Amino acid sequence: MYTQALDSPAESAGTSDEPERLERFQARIDRDEKIEPKDWMPEAYRQALIRQIAQHAHSEIVGMLPEGNWITRAPSLRRKAVLIAKVQDEGGHGMYLYSAAETLGVSRGQLIAQLLAGRAKYSSIFNYPTLSWADIGAIGWLVDGAAIMNQIPLCRCSYGPYARAMVRICKEESFHQRQGFEIMLTLARGSDAQRAMAQDALRRWWWPSLMMFGPSDAHSVHTAQSMRWKIKRFSNDELRQRFIDVTVPQAEFLGLSVPDPALHWDEATRHYQPGPIDWSELQTVLKGEGPCNHERLEARRAAHEAGRWVREAAAAYAQKHRGLEHGADAS
């Protein structure tokens, strides 16, 4: 869902690679050929992919937490079933993405260890609390909507395993977005209290959703290289603008007010122009000082420890069957 990892420090491209190989590699990228795991690639390209795919995978896994809290409190059996299905989808997305990262020579265990140690990034959006049922609708509508804007271009990412994983993920994320919008529509057409709850959720999730696209292009020092490698197809600001242009009319349809008094339609550019974003808030959350940073990591650590016996049992079962197979081969 998420591009912030591309704005972290990286090695300069090709510092120790042969110029001829780099030229051939870039020529393949320019021809829109897919790079596959056994193909030669610059180390900086590999590391950029690992950072982005790992952050994406971590975000899917941590993203289950704010919604999982509402499974038992959802207002109907139908809502519970739908939310359970969505959380299961997100767990599956994380597994696809960890598998894609493993093709780059890093193990799933290494990536998870980095997350649990607090050294890995995940999307800042999941460090905000879900205070009401309307927040579940807002997450589906806004957060998954922003994710789709980020992820659809990733279906054309230059790295084959990542691009192919994104095809299925995008289909499911689109369904999640429609689920969220349907919750918001139900609340917006409900009682005064329900409408107020929907408006409050939009007020609290609007700005964090805009920040999901990462810093402005002026402060995103690695976007140009990532776009040259066709890991990214559009810049942060381009994707953010697309999201605003799509989402503002949806809010108007719901009869809800976007919490940006400076927002206006610019006839010259044919775009909605938002007010200034408070980037200091994003930096605070990324530094681990968001409302739920500590809570999210502690929940993941507890879940990882609780599942230790399952991993150990699976490893023992696999080892036993390898021994049986070797015994059969020997006989």
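Arginine 203 is partly exposed, at 45% relative accessibility, where partly exposed denotes the range between buried (under 20% relative accessible area) and exposed (over 50%), computed with a 1.4 Å probe on protein chains only. Its side chain meets that of aspartate 200 in a salt bridge, with 2.5 Å from N to O; a salt bridge is defined as a side-chain nitrogen of Lys or Arg within 4 Å of a carboxyl oxygen of Asp or Glu. Aspartate 200 is likewise partly exposed, with a relative accessible area of 29%. Both residues belong to helix H8 (residues 192-211) and lie 3 residues apart, about one turn of the helix. Helices (H or I, at least four residues) and strands (E, at least two) are DSSP runs, numbered from the N terminus.

The model is predicted: local features need pLDDT of at least 70 and side-chain atom pairs count only at pLDDT 80 or more, whereas totals for chains, interfaces and linings use all residues. Residues are numbered from 1 along each chain as its sequence is written, and side-chain values use heavy atoms, with hydrogens and water left out.

In total, the structure holds 21 salt bridges. One of them joins aspartate 32 to arginine 233, whose closest N and O atoms are 3.2 Å apart. Aspartate 32 lies in the loop between helix H1 (19-30) and helix H2 (43-62), and arginine 233 in the loop between helix H9 (223-228) and helix H10 (236-254), so the pair ties together parts that are 201 residues apart in sequence. Within helix H12 (residues 293-306), glutamate 298 and arginine 301 are 3 residues apart, or about one helical turn, and their side chains form a salt bridge at 2.6 Å, N to O. A network of salt bridges links Arg28, Arg31, Glu33 and Asp39.

The largest nonpolar core contains 81 residues, of which Tyr45, Leu49, Tyr159, Tyr162, Trp205 and Trp206 touch the most other members. Such a core is a set of buried Ala, Val, Leu, Ile, Met, Phe, Trp, Tyr and Cys residues joined through side-chain atoms within 4.5 Å. With residues up to four places away in sequence not counted, tyrosine 162 touches residues including Leu49, Ile53 and Leu97, contact meaning heavy atoms within 4.5 Å.

Helix H10 has 19 residues and reaches 27 Å from its first C-alpha to its last, close to the 27 Å expected, the expected span being 1.5 Å times one less than the number of residues. Among its buried residues are Leu239, Phe243 and Val248. The buried residues of H10 pack against helix H6 (133-151), helix H7 (160-188), H8, H9, strand E2 (271-273) and helix H11 (279-289). Just after H10, glycine 255 adopts a positive phi of about 80 degrees.
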